[in-house]
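Please read the following report alongside the sequence and the coordinates.

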Amino acid sequence: MSKALDGVRILDFTHVQSGPTCTQLLGWFGADVIKVERAGEGDATRGQLRDIPDVDSLYFTMLNHNKRSITLDTKNPKGKAVLETLIKECDVLVENFAPGALDRMGFTWERIQELNPRMIVASVKGFGPGPYEDCKVYENVAQCAGGAASTTGFDDGPPLVTGAQIGDSGTGLHLALGIVAALYQRNTTGRGQKVMAAMQDAVINLCRVKLRDQQRLDRTQVLKEYPQYPDSEFGQAVPRAGNASGGGQPGWILKCKGWETDPNSYIYFITQAPVWGAICKVIGQEDWITDPLYATPAARLPHLKSIFERIEQWTMTKTKFEAMDILNKFDIPCGPILSMKEIADEPSLRATGTIVEVDHPKRGKYLTVGNPIKLSDSETEVTRSPLLGEHTDEVLGQLGYSPKDIADLRAEKVI
Ligand code: CAO
């Protein structure tokens with residue numbers, strides 16, 4: 001079967017998480033991804049959070065599937081020459097170095113264009129142009145500067161970061177879309193272009209609904225679906241909304257049977273207006289269907305807390321899965337709070353390829369997250385991450401270097 005990005009060559013100059021998630025996606029869609037790593041060291045994540053001594057960490061393996069690895073000292077003149085050949089041969093260069101690192105290496109946009117005018121140069125940076133453009137950035141910095149932390153958590157607690165890697169993996173996704181769009185545009189212009197995704201921008205994009213709420217708050221000084229309403233005051237900025245739904249249908253996380261001992265025995269429950277009658281029947285509160293204090297969404301807003309407390313009396317009599325079965329029969333939107341253990345063991349996620357078992361020559365079998373984007377005509381086959389420099393000889397050979405040239409470069413520690 002052919003793949004969507006067959007024939008596209010990616011010069012993968014990425015490290016840590018944000019850039020590697022982008023190039024991994026491109027690899028899953030069939031691009032040939034050549035990861036360039038520092039000779040002897042490689043991507044720092046190979047050695048971080050290791051669970052097996054001297055074996056590439058899960059941090060690295062789970063972000064670098066479907067790639068080839070070559071080692072290259074790109075600050076050495078001979079290494080630069082190899083990189084120039086790679087730039088001429090590839091379609092896209094993806095990098096997420098600290099600001100200015102590529103220029104300092106001698107590979108400015110102008111130089112890259114001289115070498116290959118069709119080259120697309122795609123970058124992740126922490127911030128776009130502005131006061132912080134020179135800063136180094138990691139995940140949680142982006143979550144904080146992108147509005148996620150100030151709007152996450154409970155009203156009486158500090159700002160909170162989320163476990164979802166919206167700054168790193170979220171930006172990698174944005175960048176991948178930019179690259180595919182630039183490849184498409186190149187079909188008509190014949191030219192490459194710069195593609196830039198700033199981590200702060202990606203998080204702001206994912207927090208779009210909070211900027212919506214900021215403007216609603218500015219205009220009306222109240223957000224009636226937020227837990228602060230009606231008992232507390234609103235300030236100038238969108239407050240932390242606890243587990244309130246981000247949309248127009250109120251929701252909350254409710255305890256289920258066993259919550260005293262299982263920290264994940266909870267369900268997300270949404271009181272969607274069209275199924276209000278069904279909710280009342282399920283929980284045995286049929287009088288709320290016609291009671292003017294509860295009958296309409298607007299009437300319910302001031303009592304959301306007590307409504308959810310009443311629904312919780314019912315959910316606490318069921319496990320999260322029993323509650324799901326009952327509520328789904330009535331189309332009541334709800335979702336179990338699944339632990340990572342439950343996700344790892346879920347057969348349907350294995351069947352769709354969202355959770356995949358991969359075999360690695362040094363670590364053996366491990367689980368990873370496969371391609372979350374399914375194309376019917378471009379099936380993803382997840383292959384293991386490469387060992388450091390595993391493909392150096394193969395790639396240099398394809399670039400026209402003879403075995404002797406390769407041996408010389410190795411002797412001089414260029415590769
Ligand atoms: N050969 C020779 N030198 C190489 C090389 C190679 N193959 N690959 C990288 N280098 C050099 C770079 O040129 C750079 O050198 P200079 O500082 O002299 O210009 C140096 O290695 C270090 O690069 P770096 O500054 O990007 O790496 P770092 O570990 O200090 O910083 C990070 C890491 C992530 C904070 C920084 O890269 C960054 O801010 N990136 C942009 C934002 C980003 O992607 N953050 C998400 C990371 S995932 O949480």
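Asp231 lies in the loop between H9 and S7, where helices (H or I, at least four residues) and strands (E, at least two) are DSSP runs numbered from the N terminus. With a relative accessible area of 63%, Asp231 is exposed; buried means under 20% relative accessible area, exposed over 50%, and partly exposed in between, for a 1.4 Å probe and protein chains only. The C-alpha atoms of Asp231 and Gly130 are separated by 39 Å, and the two residues are 101 residues apart along the chain.

This is a predicted model, in which local features need pLDDT of at least 70 and side-chain atom pairs count only at pLDDT 80 or more, while totals for chains, interfaces and linings use all residues. Residues are numbered from 1 along each chain as its sequence is written, and side-chain values use heavy atoms, with hydrogens and water left out.

**Salt bridges**

A search of the whole structure finds 26 salt bridges, a salt bridge being a side-chain nitrogen of Lys or Arg within 4 Å of a carboxyl oxygen of Asp or Glu.

| Asp43 | Lys35 | 2.8 Å |

On the Lys305 side, a relative accessibility of 43% counts as partly exposed.

Arg38 and Glu41, by contrast, are both exposed. Beyond these pairs, Arg9, Glu89, Asp91 and Arg186 are linked in a network of salt bridges.

**Helix contacts**

The axes of helix H1 (residues 18–28) and helix H7 (residues 169–189) come within 7 Å and cross at roughly 45°; axes are lines fitted to C-alpha atoms, for helices over the stretch in contact, and angles run from 0 to 180 degrees between N-to-C directions. H1 and H7 are therefore oblique to each other, given that angles under 35 degrees count as roughly parallel, over 145 as roughly antiparallel, 65 to 115 as roughly perpendicular and the rest as oblique. Ser18, Thr21, Cys22, Leu25 and Leu26 on the H1 side meet Ser169, Gly172, Leu173, Leu175, Ala176, Ile179 and Val180 on the H7 side, with contact meaning heavy atoms within 4.5 Å. By class, this contact of H1 with H7 has eight nonpolar, four polar and no charged residues, where Ala, Val, Leu, Ile, Met, Phe, Trp, Tyr, Cys and Pro count as nonpolar, Asp, Glu, Lys and Arg as charged, and the others, Gly among them, as polar.

For helix H10 (residues 276–283) and H12, the axes come within 9 Å and cross at roughly 50°, which makes H10 oblique to H12. Trp276, Ile279, Val282 and Ile283 of H10 make this contact with Ile307, Arg310, Ile311 and Trp314 of H12. The residues of the contact of H10 with H12 divide into seven nonpolar, no polar and one charged.

**Backbone geometry**

Most residues other than glycine have a negative phi, and most peptide bonds are trans. A cis peptide bond joins Tyr229 and Pro230, with omega about 5°, and Pro230 is found in the loop between H9 and S7. Asp54 has a positive phi, near 60°, and is a residue other than glycine; its place is in the loop between strand S2 (32–37) and helix H2 (58–61), and at 68% relative accessibility Asp54 counts as exposed. Lys413 has a positive phi of about 60° although it is not a glycine. Lys413 falls in the segment after helix H17 (403–411) and is exposed, with a relative accessible area of 65%.

**Surroundings of Tyr366**

Tyr366 has its place in strand S11 (residues 364–369) and is buried, with a relative accessible area of 5%. Leaving aside neighbours within four places in sequence, Tyr366 is in contact with residues including Leu58, Thr61, Met62, His65, Arg384 and Ser385. Tyr366 and Met62 are 304 residues apart in sequence and 9.2 Å apart in space, C-alpha to C-alpha.
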